[in-house]
Amino acid sequence: NGLTPERVISGDISYNWNYRRFRGAISAFWTHMSDLTEKFSYYDDQYGTFMNYVLKGVRRQYKGIELGMAYKITPSLTATMAGTWARYQYKNRPTGIKSYENGMMDDIETKVYLNNFFIGGTPQTAVNVGLDWAAPKQWFFNVNASWMGDSYVQVSPIRHEELPDLWQHYPNKEELEAKMHSLAQQDKMKNAFVLNASIGKLVYINRSVSMNFNLSATNLLNNRDIMTNAFQQGRFDYTNYDAQKFPNKYQYAQGIRLFLNVGVRF
């Protein structure tokens with residue numbers, strides 16, 4: 001009930017430069033989204049059923065600075081750098097609606113305290129530096145390194161909704177505040193570093209037909225500790241309110257990967 005069109009307002013300001021050997025751009029951006037709808041699904045232990053949880057009237061804000069540069073060291077060798085520093089956050093306390101699939105309970109509507117929590121699942125700070133070499137005889141080489149940080153675990157609304165009876169379990173003020181902090185904690189994902197490289201070759205068969213070969217390797221250091229996604233579980237401990245009973249779920253990147261591409265142009 002009460003669905004409305006989503007609204008987006010966005011703006012940016014940029015400065016670009018382009019000299020003979022040095023070019024780049026720096027931009028500042030701001031985007032505000034309102035009346036969004038988000039849906040989560042999970043198993044509810046309290047009532048033994050699958051749960052659909054919908055957030056309506058969600059507001060999000062994205063703001064940050066982006067920088068990109070390229071410098072020709074020689075006519076065939078170019079150094080590049082790109083980076084961003086940003087903040088992606090929820091900006092209100094949306095309404096949460098819980099719907100029980102087994103019909104044991106009517107839909108429940110509650111307030112979810114998400115204001116100023118970070119939007120999870122993506123780095124909010126990142127830097128990439130690289131070298132591109134257009135070698136003689138149509139050979140091409142590239143190496144680049146990326147660092148990513150300020151990634152946050154995606155929040156579960158069940159961990160941030162109103163708990164009007166919590167004080168009865170923890171009548172002591174200090175214990176109550178400690179428990180509230182534990183339940184509302186949003187963990188950070190680990191910072192990540194990735195090194196990639198590629199080599200390519202262009203071959204002309206005749207004036208109208210050519211072939212290109214490219215071999216790329218990602219995660220050359222075989223780093224298997226890179227978190228690609230993380231989220232809080234929908235399951236919740238309503239007995240002891242233990243935030244660690246159902247810990248965060250994490251997904252990790254694969255190790256080194258090779259990709260060979262062959263193309264024909266005619």
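Reader: In which strand is the place of Ala-197?

Author: Strands are DSSP runs of E with at least two residues, and helices are runs of H or I with at least four, both numbered from the N terminus. In this structure, Ala-197 lies in strand S9, which covers residues 192-204. This is a predicted model, in which local features need pLDDT of at least 70 and side-chain atom pairs count only at pLDDT 80 or more, while totals for chains, interfaces and linings use all residues. Residues are numbered from 1 along each chain as its sequence is written, and side-chain values use heavy atoms, with hydrogens and water left out.

Reader: Is Ala-197 buried, exposed or partly exposed?

Author: Buried means under 20% relative accessible area, exposed means over 50%, and partly exposed is in between, with a 1.4 Å probe and protein chains only. Ala-197 has a relative accessible area of 24%, and therefore counts as partly exposed.

Reader: Which residues does Ala-197 touch, not counting those up to four places away in sequence?

Author: A contact means heavy atoms within 4.5 Å. By that rule Ala-197 touches Asn-142, Val-143, Leu-215, Ser-216, Ala-217 and Leu-220. Glu-38, by comparison, is 159 residues from Ala-197 in sequence, and their C-alpha atoms are 38 Å apart in space.

Reader: How should I read a pair of aromatic rings, and how many aromatic pairs does the structure hold?

Author: A pair of aromatic rings is described by the distance of the centres and the angle of the planes. Rings of Phe, Tyr and Trp (its six-membered ring) pair if their centres lie within 6.5 Å, and planes under 30 degrees apart count as stacked, over 60 as edge-to-face and the rest as tilted. The structure holds 10 aromatic pairs. One of them joins Phe-22 and Tyr-71, which are edge-to-face, with 6.1 Å from centre to centre and 65° between the planes. This pair links distant parts of the chain, since Phe-22 is in strand S2 (residues 22-44) and Tyr-71 is in strand S3 (residues 49-74), 49 residues apart. Phe-22 is partly exposed at 29% relative accessible area, and Tyr-71 is partly exposed at 37%. Together with Tyr-15 and Trp-17, Phe-22 and Tyr-71 form one aromatic cluster.

Reader: How many helices and strands does the chain have, and how spread out is the chain?

Author: The chain has two helices and 13 strands. The radius of gyration is taken over C-alpha atoms, and the globule rule is 2.2 Å times the number of residues to the power 0.38. Here the radius is 25 Å, well over the 18 Å that the rule gives for 266 residues, so the chain is more spread out than a compact globule.
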